[in-house]
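Hi there,

I am passing a structure on to you, and my notes follow below it. Please have a look at it first and then read on.

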Amino acid sequence: MSFFIDFYESTGLVNLFETPEILVKTLIMYVIVGVLFYLAVVKKFEPLLLMPIAFGMLLANLPGADLFHMDLFIHEDGSPINIQTIVEQGNLLDFLYIGVKLGIYPSLIFLGVGAMTDFTPLIANPKSLLLGASAQFGVFAAFIGALFLGFSPEQAASIGIIGGADGPTAILVTKTLAPELLGAIAIAAYSYMALIPIIQPPFMKLLTTKKERMVVMTNLREVSKTEKVMFPIIVTLIVCLIVPDAAPLVGFLMLGNLLNVSGVADRLSKTAQNELMNIVTICLGVSVGATASAESFLAMDTVKIIILGLAAFCLSTVGGLLFGKLMYLVTGGKINPLIGSAGVSAVPMAARVSQMVGQKENPSNFLLMHAMGPNVAGVIGSAVAAGVFLSYFGA
């Protein structure tokens with residue numbers, strides 16, 4: 001009999017049923033994990049991202065497993081992390097989270113994104129940069145809104161960056177400025193990125209006329225190889241000299257693109273696009289999901305973050321669309337305002353949504369390549385916004 005008692009006391013069930021509060025909170029987290037799995041597997045919304053995040057949440061909320069210890073990374077006295085202490089006292093997810101805490105995973109993700117993304121539409125139409133910049137409106141609007149709701153400037157900056165529609169950027173800013181909010185912010189950012197095909201179209205139809213949505217844009221000019229090679233080098237120099245804190249993201253984004261367009265580093269480019277990207281995505285998703293423990297996630301601040309994140313996404317879409325309408329007027333109807341919504345940096349999903357909505361009005365219209373310009377500009381814009389926040393509020 002004692003054997004069975006000892007065995008039961010060694011299981012996680014003892015921790016699960018320790019108090020009614022622990023049981024209820026844990027079951028709520030399992031429901032949330034189930035919803036994320038449903039979105040990833042059944043609805044196929046960003047499964048490569050949501051599935052590792054959801055499983056990381058599941059692992060972090062297994063009573064008794066003790067796989068992750070946020071207290072090893074956040075110290076009340078503000079002291080830096082101690083790698084030796086983590087090695088001695090940490091567990092599996094603690095070791096994986098080091099890549100988040102040191103900003104390694106987000107930059108490597110940007111390396112892969114740069115290698116996979118075609119910058120040609122942006123080079124051929126530099127005006128797209130303005131659309132990418134205008135779509136950052138939601139970032140700063142949500143930042144101000146978060147301040148009014150009682151968040152600290154560091155927390156508000158982390159929440160605001162959700163509006164950039166860029167998960168790695170949100171993670172990089174949050175792990176530096178407000179690591180205690182990382183779970184909620186990462187889940188909000190990636191969930192809303194997955195829901196872009198649902199969130200954006202209503203605003204696109206509300207803020208544009210049928211005539212505007214039917215505009216057929218002229219073909220983009222041909223871009224030379226010299227331009228393709230020089231662009232990432234020049235952008236790195238200009239952006240990182242102006243906003244040095246954006247260097248980890250912009251630098252690796254441009255390095256990935258240079259590996260691709262140079263034509264002399266195919267092996268490195270393919271590695272960045274495939275093997276490296278896949279490995280880092282798993283490590284990033286699981287370790288970020290692990291920060292969403294019941295104690296930190298089930299709080300009123302999480303509800304506020306989810307609401308502010310949605311507002312940031314919507315306002316970023318609105319900002320891009322309104323500037324697109326302005327460009328439509330200035331150019332005498334040569335710019336389709338729908339491409340402005342692609343100024344958020346969810347590549348290439350936002351550009352595909354612009355194509356989808358435009359083609360419903362005019363089946364012969366092809367906006368995808370035109371929308372990729374603002375889409376790529378949005379990636380750069382969100383990285384710059386992150387750099388601005390880090391320079392002002394970083395230690």
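With which residue does Glu361 form a salt bridge? The partner is Lys210, and the closest N and O atoms of the two are 2.7 Å apart. A salt bridge here is a side-chain nitrogen of Lys or Arg within 4 Å of a carboxyl oxygen of Asp or Glu. Glu361 sits in helix α22 (residues 349–361) and Lys210 in helix α15 (residues 210–213), so this pair ties together parts that are 151 residues apart in sequence.

Before the rest, a word on the source. This is a predicted model, in which local features need pLDDT of at least 70 and side-chain atom pairs count only at pLDDT 80 or more, while totals for chains, interfaces and linings use all residues. Residues are numbered from 1 along each chain as its sequence is written, and side-chain values use heavy atoms, with hydrogens and water left out.

**Salt bridges**

By the rule above, the count comes to five salt bridges. Lys210, with a relative accessible area of 48%, is partly exposed.

Another pair is Glu212 with Lys325, where the closest N and O atoms are 2.9 Å apart. This pair, too, links distant parts of the chain: Glu212 is in helix α15 and Lys325 in helix α21 (residues 300–330), 113 residues apart. Both Glu212 and Lys325 are buried.

Then there is Arg221, which forms a salt bridge with Glu227; their closest N and O atoms are 2.8 Å apart. Arg221 counts as partly exposed because its relative accessibility is 41%. Glu227 is partly exposed as well, at 27% relative accessibility. Salt bridges that share partners also join Lys210, Arg213 and Glu361 into one network.

A note on the helix names: helices (H or I, at least four residues) and strands (E, at least two) are DSSP runs, numbered from the N terminus.

**A nonpolar patch**

Which residues make the nonpolar surface patch of about 690 Å²? They are Met230, Ile233, Ile234, Leu237, Ile238, Leu241 and Ile242. Patches are made of residues with over 30% relative accessible area and no salt bridge; like charges are joined within 9 Å, and nonpolar side chains (Val, Leu, Ile, Met, Phe, Trp, Tyr) within 5 Å. The areas come from the Shrake-Rupley method with a 1.4 Å probe, and for residues only the protein chains shown count as cover. To take one member, Ile233 lies in helix α16 (residues 225–242). Ile233 has 35% relative accessibility, so it counts as partly exposed.

**Two packed helices**

Helix α7 (residues 104–116) packs with helix α12 (residues 167–177) at an angle of about 160°, and their axes are 9 Å apart. That makes α7 roughly antiparallel to α12. Axes are lines fitted to C-alpha atoms, for helices over the stretch in contact, and angles run from 0 to 180 degrees between N-to-C directions. Angles under 35 degrees count as roughly parallel, over 145 as roughly antiparallel, 65 to 115 as roughly perpendicular and the rest as oblique.

**The loop between α3 and α4**

Lys44 is in the loop between α3 (20–42) and α4 (47–60). Lys44 is not a glycine, yet it has a positive phi of about 60°. At 64% relative accessibility, Lys44 counts as exposed. Glu46 is also found in the loop between α3 and α4, and Glu46 has a positive phi of about 45° although it is not a glycine either.

**Some distances**

Phe95, in helix α6 (residues 92–101), is 163 residues from Leu258 in sequence and 31 Å from it in space, C-alpha to C-alpha. Phe95 counts as partly exposed, at 39% relative accessibility.

Enjoy exploring it!

Best wishes

Conventions:
Buried < 20%, exposed > 50% of the residue type's maximum accessible area, 1.4 Å probe, protein only.
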